[in-house]
Amino acid sequence: MEITVKQFVKEFKQQFQSMYAYSYEEGSNEQLYNALGLLVKNYISSHWKETREKYIKNSVKQVYYFSMEFLPGRQLKSNAYNLGLLDVVKEGLSELDLSFDQLAEAEADPALGNGGLGRLASCFMDSLASLGMAGNGNGIRYQYGLFRQKFVDGYQVELPENWLRYRNVWETRNDKSTCMVRFGGNVWLEENHQGHLVPHYENTLNVLAVPYDTPMVGYRNDTVNNLRLWSAEIPVEEEANYHTIEETEPIKEITQVLYPDDSNYEGRLLRLKQEYFMVSAGVQSIIRHFRKYNVPRKNIPDKVAIHINDTHPALVVPELMRILIDEEHLSWEQAWEITFKTCSYTNHTILREALEKWPIDMMKELLPRIYMIIEEINNRFVENTMPLYGERITWQTAILQNGVVNMAHLAVIGSHSVNGVAKLHTDILMNDVLKDFFELYPERFNNKTNGITQRRWVHLANPDLTQLIDEKIGENWKLTPSELKVFKGFEKDKDTLNKLTDVKLKNKKRLAAHIKEVKGITVDPNALFDVQIKRLHAYKRQHLNLLHILHRYLEIKENPSVDYVPRVFIFGAKAAPSYHYAKQIIKVINSLADLVNNDPDVGDKLKIVFFENYGVSLAEKIIPAADISEQISLASMEASGTSNMKLMANGALTLATLDGANIEIRDFVGEDNLFVFGLSSKEVYKLKENQSYQARELYESDQKLKNVLDALTNGTIPNLQDEGYALFDSLVNFNDEYFVLKDFASYVEAQNKVDDLYKDQSEWARKSLLNIASSAPFSADYTIQRYADDIWKVRSCVEEDEGVHLVDE
Ligand code: F55
């Protein structure tokens, strides 16, 4: 975009004055940010309009990514960057004596997701736009995002996240495109004069779905796609029926707050309402838009792809059937053909407790017409499957089982494509979790390894690294990520390695200053920064990390001259509010931090920093400063992981079990350039199968391990209630299902190797460089290109010389 600094300065002053009626010099950071954001949005708007019009004019096939969660992060910087305006904006502001970075910090970070799944959705939106593909997001505009985490006396406390308090400059409320969503009541079918069975509804609760649209700006390609988030309101024409504020609650609460659990689905009625609300509004708006294309309805799959991000939006399948049958009057067979060709589904977990199963009674009462359709889908499925595959497989794969609706089964049966998010994960789906389906529909299964957008996670989060890469290999890698491999050629170049070390040190100094500011802890930037950032869950094993730190602490106490490389252990993690054990782990880490950080015997050898309120914005500060990336889940449990990719791309060395995408990271970067430890997934399966894991035996036979575990309960760690005992019990007495003790010895050994390597700074830098240079395959641009080719069948709508350009390897 061509705008001069002079023009920008003038327009910014005008913008500020028109909003606040005084001069920008008197503005607060929030006000200045709002003015700047609206001005940038204004620059976006013409591209937004033109992109929409181009898609319609050329009848372009549209992808709709349905997700209950999006975690876009702050958008000012990335929008300005993708537009090509960041330098102009920065320069213009500094002419006005304003600091861009200071204003940018005033933006609220929309935490409309829990973790990896929500962030993946946002990386995908960035890549869709940057590849010039017609990709739309469809989700919920939660009034409150994921809770704000605080520690009080080391315990996690949850506060509301009112992200909309100071308005949201990026969204546009679109009153022209509202939809009505119906809940409950009675439904019956009657034949009309044309002989169609049409549903009649009475006593339904009608909810108005209001879309708020947010531009998704492509990287230097003039493409601006749309993220549509729905908000629930009382229909204007029904307002008179509501007499008190309390009566309006059941409607307003639908989009009030995000469910804060990433691993344990909540079988609450309100959650089901949220799911259907988002799905129904989204599908209605798709069909409305499709009409603009003037093509026959049977061609919907040629113009529309609907992606189901985990099972949360799986009601898309019966909702699309409902609209095609009840409103478009197609036959069941015609509607099914369209639905199944249109929908595709991604699974993100093998955790049993995370698989959604809705009680039939609940579904029937809340969504009577949808339930009728699900029942019919199930009946036809059973009828078709039984004669071919027999009783066992048929009942194992049915949608309706023991009084519940199995949402994964609905999603698989209603989709032409089912994918996992890393090779190992997809294998586990095919051989274990969904193996009966793999027998029925082998052609539907495929892998799509996750990816991340390098624009946010490298170009913007790590400008100094970006500049170094530019200096060495030129700028092509930004538009053609595979070019990054050229950087490998510098692995032996002293100048490059020194500069790389300098960049890392600079990033660590910046993070150290932030640590000082928010935690009051002094850390040495020359220490090794060891980072584990992800949701807190037993399967991710933050407590394995904890045991290792405790082990080091005990060793230092026993022998103060022990030769450990100084380390800062950095954590960022929220626990689901109802996940008691995860909260106990947080408390123990915090108490250990108090002990270790204040023990003069320890000094700089060991520091622990547990950040509060981990999220996208904090990740952007931590990741560029990381030396070690902790990816230590029990093999087979982490579907993919994505922080592993972000950390690698920023030059951290991975310390990992062979789980999720760690395996592919190893394959690309090479065994010698990361640290692998622990059981393989095969060994885990075996151990589970023959039930031979004996935690107490390990405890009793390994003296070092015993010392560490005893320190949880013998008063070594101050200020604990029963949390140390809880951990000890779970790890030793209850034979912990995530085999922490089994992997302890090899983890400690790997950690010692980390120390040894760190002592050789140039060798460390060489491996760091190789990690950076091997990270391109984890660009979400490639991931999206594969979804587009294999699943959605969509293509770029921009010329080859515009924006991101992928070439075959
Ligand atoms: C959110 C709500 C529910 Cl009900 C269940 C799960 C979640 C959730 O946030 N899941 C999630 O983040 N899963 C993660 O998805 C990532 C992207 O595919 C993976 O990398 C990661 O392994 C997986 O745990």
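Domain bounds, as used here, come from an automatic or database domain assignment. On that basis the protein chain of this predicted model is divided into domain 1 (1-58 + 75-108), domain 2 (62-72 + 116-448) and domain 3 (454-782). A ligand lies between domain 2 and domain 3, because both of these domains give residues to the shell around it.

**The ligand and its shell**
- Of the 20 residues around the ligand, the ones that come nearest are Gly 116, Leu 117, Asp 262, Ala 639 and Ser 640.
- When the residues of this shell are divided by class, 11 are polar, 6 are nonpolar and 3 are charged.

**Domain 2 against domain 3**
- The centres of domain 2 and domain 3, taken over C-alpha atoms, are separated by 35 Å, and the contact of the two takes 35 residues from domain 2 and 29 residues from domain 3.
- On the side of domain 2 that touches domain 3, the elements that give two or more residues are the helices α6 (116-130) and α15 (423-433), together with the strands β3 (148-152) and β4 (155-159).
- Helix α6 gives the most to this side of domain 2, with 8 residues.
- By class, the side of domain 2 that touches domain 3 has 15 nonpolar, 12 polar and 8 charged residues.

**Helices α2 and α3**
- Helix α2 (residues 29-57) and helix α3 (residues 76-83) have axes that come within 10 Å and cross at roughly 35 degrees, and the crossing in which α2 passes α3 is left-handed.
- This contact is made by Leu 36, Gly 37, Val 40, Tyr 43 and Ile 44 on the side of α2, and by Leu 76, Asn 79, Ala 80 and Leu 83 on the side of α3.
- The residues of the contact of α2 with α3 divide into 7 nonpolar and 2 polar, with no charged residue among them.

**Helices α8 and α10**
- The axes of helix α8 (residues 269-291) and helix α10 (residues 316-327) come within 10 Å and cross at roughly 45 degrees, and α8 and α10 are therefore oblique to each other.
- The crossing of α8 and α10 is right-handed, and the contact joins Val 279, Ser 280, Val 283, Gln 284 and Ile 287 of α8 with Val 316, Glu 319, Leu 320 and Ile 323 of α10.
- By class, the contact of α8 with α10 has 6 nonpolar, 2 polar and 1 charged residues.

**Helices α18 and α20**
- The axes of helix α18 (residues 463-473) and helix α20 (residues 494-519) come within 9 Å and cross at roughly 165 degrees; since angles over 145 degrees count as roughly antiparallel, α18 and α20 are therefore roughly antiparallel to each other.
- The crossing of α18 and α20 is right-handed, and the contact is made by Asp 464, Leu 465, Leu 468 and Lys 472 of α18 and by Thr 496, Lys 499, Leu 500, Val 503, Lys 506 and Asn 507 of α20.
- In the contact of α18 with α20, the residues divide into 4 nonpolar, 2 polar and 4 charged.

How values were computed. Residues numbered from 1 in each chain as written. Predicted model: local features only at pLDDT ≥ 70, side-chain atom pairs only at ≥ 80, totals over all residues. Near = placed C-beta within 6 Å. Nonpolar A, V, L, I, M, F, W, Y, C, P; charged D, E, K, R; others polar. Axes fitted to C-alpha atoms, helices over the stretch in contact; angles between N-to-C directions. Helix = DSSP H or I, 4+ residues; strand = E, 2+ residues; numbered from the N terminus. Parallel < 35°, antiparallel > 145°, perpendicular 65-115°, else oblique. Left-handed = near helix turned anticlockwise from the far one by under 90°. Contact = placed C-beta atoms within 7 Å.
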